[in-house]
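Me: Please take a close look at the aromatic rings in this structure. Which rings pair up, and how are they arranged?

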Amino acid sequence: MAITEDEMTKRKEFLRQTALFNAIGAAFQRAPIYRYGQGNHGKEQLKRDLEQHLRRIERQYHRTISSEQHFQTLNKVAHDLSERHFLILKNGHFRIGIAQKAVNIYLKLLWCYGWILEPPHCPIDSIVLAEAGDTRTKWTRMTDVEAYRRAIKNIRAHIRHIGSNLSLSEWELEIWNKRRETLQSQ
């Protein structure tokens, strides 16, 4: 039984929504994002605005994007969401650490689906930082693109140090899969 174009579109939208949900959930789950005492209305609007950014960003990654272009994209997401939602955000800022996690996970999933080219960076979290030997940096506390840039530089240096020629995305995917296998075998 052949799948209709309409059915394929519905399936693809389901996968896109799953990627959006997972990316935003992962970015928000351990991060102190909001000022104390904020209601849900502003929080839901922030998530909807981030989702719109992610959908727009997706179009750019059908072509090769440089690391520098990616830094600029992340900075723009953090800046735009800070401007629009400063009243509900902790310290009035949507931190670059949160932006990178949402954007990078979303792009990772789309890349794994085969929908976009390989992203220039990987999602940075405590697992990735620890694997690269950095136990001091906290991704949830990265406030600016320079802190993120240093983390990317350190991860690249670690990958070279271990003698690997994997890209950031390939390396992080390998770490994630090995970690999953270890957890399943326990």
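**Aromatic pairs**

Reply: Start with Phe28. At 12% relative accessibility, Phe28 counts as buried, because the cut-off for buried is under 20%. Phe94 is buried too, at 3% relative accessibility. Keep in mind that this is a predicted model.

Now the wider picture. Across the whole structure, a search turns up 4 aromatic pairs. Phe28 and Phe94 form one of them: their ring centres are 6.2 Å apart. Their planes meet at 50 degrees, so the pair is tilted. Where do the two residues sit? Phe28 belongs to helix H1, residues 5-28. Phe94 is in the loop between helix H3 (67-85) and helix H4 (96-113). The pair therefore ties together parts that are 66 residues apart in sequence.

Tyr34 comes in here as well. Ring pairs join Phe28, Tyr34 and Phe94 into a cluster. Tyr34 also has a charge over its ring: the charged end of Lys43 sits there, 4.8 Å from the centre.

Next, Phe71 and Tyr148. Their ring centres lie 5.7 Å apart. The planes are at 80 degrees, so this pair is edge-to-face. Phe71 is in helix H3, and Tyr148 is in helix H6, residues 145-161. This pair therefore ties together parts that are 77 residues apart in sequence. Are these two residues buried or exposed? Both Phe71 and Tyr148 are buried.

One more ring to find is that of Trp139. Lys101 lies over the face of Trp139, at 4.2 Å from the ring centre.

How values were computed
Residues numbered from 1 in each chain as written. Predicted model: local features only at pLDDT ≥ 70, side-chain atom pairs only at ≥ 80, totals over all residues. Heavy atoms only, no water. Phe/Tyr/Trp six-rings, centres within 6.5 Å; stacked < 30°, edge-to-face > 60°. Helix = DSSP H or I, 4+ residues; strand = E, 2+ residues; numbered from the N terminus. Buried < 20%, exposed > 50% of the residue type's maximum accessible area, 1.4 Å probe, protein only. Lys NZ or Arg CZ within 6 Å of the ring centre and 35° of its normal.
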